[in-house]
Amino acid sequence: MTHIPHGRPAGSPDVRGIPEDYVERVCKLVCVVALIVMLVVIGVDIVTRSLLNFSFEISDELGGYMLVIITFISLPVCQVNDSFHHVEFVQARLSSRGRAISRVIFDVLSLTFCLLLMWQLVRFEISSWRFDDHAPSYLATPLWIPRLAMALGAAALCFSVLRTLIVNIRKLQSAGDASGSRHES
C-alpha cells in the first residue's frame, strides 16, 4: 500500500482540505466538557463510595447522559477530520476521477441518511417535550434535555457532511477539468 505525504493510504478520501468551522469547534469543546464532567462525577462517586461508604447514586445517570452527548456531538468533528472508515481496497483501484465520483455519491447518500436521522430525532425530541417525559431516577431529569443533544448532533453532522459534499464536488469538477485538459493535448 503506497502512502501519500501526510501518512494516509493512497486512494483514501482526502477531506483534509476542510478546516474545522465554528460548528465543529463548538462540538469539540462540548465533547471535552462532557468528558470532564463524566470523569469528575465518576471520580467523586468512587471516592465517596471508598472513603465514606456513601454514593450520590447519580453517576450512572449523568455518565450515560455525558456519553450520549459525546457520541452524537462528536460526529461532525469526526466528519471533518476524516475519522470514519473507508473501503480502501475499492478506492485505491479507482482513478482520481472515479474516487471523486464515489466520494460525491457517498456524501449524497450520507447526507440523505443524516437528514432522515435528524428528522426522526427531532420528532423524538418533540414527543419528549410534549409528553413531559422524565427519567425514573433521583434526578428525574426531563428527557428532552439529553435527547436534545442527539438532535443537535445530527443537525451538526448534516452541516459537516454538506460542507464535505461541497468540497468533494469541487474536487470532482477539478478532476474533470484536469482530465479534459489532458485529452485536448
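The lining of the largest pocket divides into eleven nonpolar, eight polar and three charged residues, where Ala, Val, Leu, Ile, Met, Phe, Trp, Tyr, Cys and Pro count as nonpolar, Asp, Glu, Lys and Arg as charged, and the others, Gly among them, as polar. The model is predicted, so that local features need pLDDT of at least 70 and side-chain atom pairs count only at pLDDT 80 or more, whereas totals for chains, interfaces and linings use all residues. Residues are numbered from 1 along each chain as its sequence is written, and side-chain values use heavy atoms, with hydrogens and water left out.

The volume of this pocket is about 470 Å³, and of the 22 residues that line it, His85, His86, Phe106, Asp107 and Ser110 are the closest to its centre. The elements that give two or more residues to the lining are α3 (75-80), α4 (88-91), α5 (96-131) and α6 (144-184), and α5 gives the most, with seven residues. A pocket is here an open set of points on a 1 Å grid over the protein atoms alone, where a 1.4 Å probe fits, with protein on both sides within 12 Å along at least five of seven lines, and lining residues have an atom within 4 Å of a point. The volume is the space filled by probe spheres set on the points, which are joined across faces, edges and corners. Helices are DSSP runs (H or I, at least four residues), numbered from the N terminus.

Helix α3 also holds Gln79, which is 85 residues from Thr164 in sequence and 7.9 Å from Thr164 in space, C-alpha to C-alpha.

A nonpolar surface patch of about 860 Å² is made by Val32, Ile36, Val40, Val44, Val47, Leu51, Leu52, Phe54 and Phe56. Such a patch takes residues with over 30% relative accessible area and no salt bridge, and joins nonpolar side chains (Val, Leu, Ile, Met, Phe, Trp, Tyr) within 5 Å; a salt bridge is a side-chain nitrogen of Lys or Arg within 4 Å of a carboxyl oxygen of Asp or Glu. Areas come from the Shrake-Rupley method with a 1.4 Å probe, and for residues only the protein chains shown count as cover.

Phe54 lies in the loop between α1 (22-52) and α2 (59-73), and Asn53 lies in the loop between α1 and α2. Phi of Asn53 is near 55°, a positive value in a residue other than glycine. Asp82, in the loop between α3 and α4, has a positive phi near 55°. Most residues other than glycine have a negative phi.

The table gives burial, with buried under 20% relative accessible area, exposed over 50% and partly exposed in between (1.4 Å probe, protein chains only).

| Residue | Class and relative accessible area |
|---|---|
| Asn53 | exposed, 76% |
| Phe54 | partly exposed, 41% |
| Asp82 | buried, 13% |
| Gln79 | buried, 12% |

Conventions. Patch = residues over 30% accessible without salt bridge, like charges linked within 9 Å, V, L, I, M, F, W, Y side chains within 5 Å.
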